[in-house]
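Here are my notes on the model you sent. They are set out as numbered points, each on one topic.

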Amino acid sequence: MNRLLLPLLLLLLPAAACQAPRGGLSWTGANAPESQPPPPRTPAPKAPALDLLDRTPRPDPASLPPMLTGRNKPNGPAMRFRQAVPPETPAFVPRTLDGLDLFIADALEEGWLAFYKGRCGSLGAVCAYRAVLLADDGTQRWNLDLNRFLQGTRYVEIQDVRYHAGRLYFNEACATYAGEVQGQCSWLVCLDPDAEEVAWRTPPLTSNNIFILHDGAVLAGYGFTAEPDALYRIDARTGKITARADLDSAPQYLEVLDGRLFVVTYQSLYTFAL
């Protein structure tokens with residue numbers, strides 16, 4: 001081989017090895033490249049600790065512990081996002097809209113929340129996202145282009161979305177290592193859909209994967225390979241972080257049962273008092 005070409009090829013190899021698959025998928029576990037930059041040191045929010053009741057090893061990372069229902073993430077704990085279109089979704093909820101696929105359909109007191117995703121493009125490009133609230137007769141109450149409310153322009157994605165009491169919540173999550181975007185990702189966002197305004201936004205590195213709403217609070221977590229992992233309780237009205245807990249790895253699933261919060265990570269099952 002030409003001696004001038006060999007150093008150039010050696011320089012190019014680490015960059016190629018660090019590329020994520022098409023569509024912005026993130027590296028995890030043993031597949032994570034060792035040469036990724038560390039995330040910026042963001043000071044942890046000052047908040048009381050959540051009350052930890054128990055922590056047990058998780059023997060089977062591929063499935064949920066048997067006492068949990070899986071209802072908050074039907075597509076399984078291994079996925080980095082929530083995908084949920086139940087069989088009883090009515091026909092008036094379009095399966096595609098403006099070239100986007102129906103990703104989440106949630107039954108609500110007000111009708112149905114429909115969340116669409118598509119046109120993801122090349123590595124790092126942000127997908128197109130749309131949320132629609134439909135009444136029980138199929139009438140659209142609002143139809144929002146969520147990309148208007150995203151702060152990031154590369155390597156961010158909406159991994160979960162929920163609607164409650166007139167507010168739409170979603171996370172603008174990292175689609176790669178936080179260090180690739182200088183730690184500016186994984187916010188939890190609260191939107192007033194009628195006014196089409198952001199009501200509040202948490203600090204970055206607060207929410208990826210799924211989150212849930214319970215008793216006036218949003219329960220969310222952030223974590224990634226070789227990055228700090230934590231759980232947060234957030235006031236649903238103000239966006240203030242009211243409590244937090246460190247975790248051994250990124251939270252993959254959350255569920256409230258019998259007044260307790262169960263948090264599933266790759267390694268453990270945590271139980272917190274509420």
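1. In β4, Trp-112 is the bridge partner of Ala-107. Strand β3 (residues 100-107) and strand β4 (residues 112-118) are paired in the antiparallel sense, over six bridges. Strands here are DSSP runs of E with at least two residues, and helices are runs of H or I with at least four residues, both numbered from the N terminus. Two strands pair if DSSP finds at least two bridges between them.

2. The model is a predicted one: local features need pLDDT of at least 70, side-chain atom pairs count only at pLDDT 80 or more, and totals for chains, interfaces and linings use all residues. Residues are numbered from 1 along each chain as its sequence is written, and side-chain values use heavy atoms, with hydrogens and water left out.

3. On confidence, pLDDT is the predictor's confidence in each residue, from 0 to 100. The chain averages a pLDDT of 87, and 84% of the residues score at least 70. Over residues 1-35 the pLDDT is below 50, and this stretch has 36 contacts in the model beyond near neighbours in sequence. Contact means heavy atoms within 4.5 Å.

4. Which strands make up the open sheet, and in what order? Five strands form it, in the order β2-β3-β4-β5-β6, with antiparallel pairing. The edges are β2 (96-97) and β6 (140-145); each has a single partner strand, so one side of each is left without a neighbour in the sheet.

5. Next, the disulfides. A disulfide is a covalent bond between the sulfur atoms of two cysteines; the criterion applied is a pair of cysteine sulfur atoms within 2.5 Å. By this rule the count comes to two disulfides. With bonded cysteines counted along the chain, their pattern is 1-2, 3-4.

6. Cys-127 is buried, with a relative accessible area of 2%. Buried means under 20% relative accessible area, exposed over 50%, and partly exposed in between (1.4 Å probe, protein chains only).

7. A disulfide also joins Cys-174 to Cys-185, at an S to S distance of 1.9 Å. The link of Cys-174 and Cys-185 is right-handed, with 75° about the S-S bond. Cys-174 lies in strand β8 (residues 167-174) and Cys-185 in the loop between β8 and β9 (187-192), so the pair ties together parts that are 11 residues apart in sequence. Cys-174 is buried at a relative accessible area of 4%, and Cys-185 is buried at 0%. Cys-190 also counts as buried, at 1% relative accessibility.

8. What does the largest nonpolar core contain? A nonpolar core is a set of buried Ala, Val, Leu, Ile, Met, Phe, Trp, Tyr and Cys residues joined through side-chain atoms within 4.5 Å. The largest has 32 residues, of which Phe-115, Tyr-129, Trp-142, Leu-146, Leu-168 and Phe-170 touch the most other members. At least two residues of this core come from each of β3, β4, β5 (128-134), β6, β7 (156-164), β8 and β9. β7 gives the most to this core, with four residues.

9. Leaving aside neighbours within four places in sequence, Leu-146 is in contact with Phe-115, Tyr-129, Arg-130, Ala-131, Ile-158, Leu-168, Phe-170 and Leu-191. There is also a second, separate core of 20 residues, which includes Leu-50, Ile-212, Leu-261 and Leu-269.

10. A pair of aromatic rings is described by the distance of the centres and the angle of the planes. Rings of Phe, Tyr and Trp (its six-membered ring) pair if their centres lie within 6.5 Å; planes under 30 degrees apart count as stacked, over 60 as edge-to-face and the rest as tilted. By this rule the count comes to six aromatic pairs. One of them is Tyr-169 and Trp-200, whose rings have centres 6.0 Å apart and planes at 55°, so the pair is tilted. Tyr-169 lies in strand β8 and Trp-200 in strand β10 (residues 197-201), so the pair ties together parts that are 31 residues apart in sequence. Tyr-169 is buried at a relative accessible area of 3%, and Trp-200 counts as buried at 7%.

11. The rings of Tyr-270 and Phe-272 have their centres 5.9 Å apart and their planes at 5°, so this pair is stacked. Both Tyr-270 and Phe-272 are buried.
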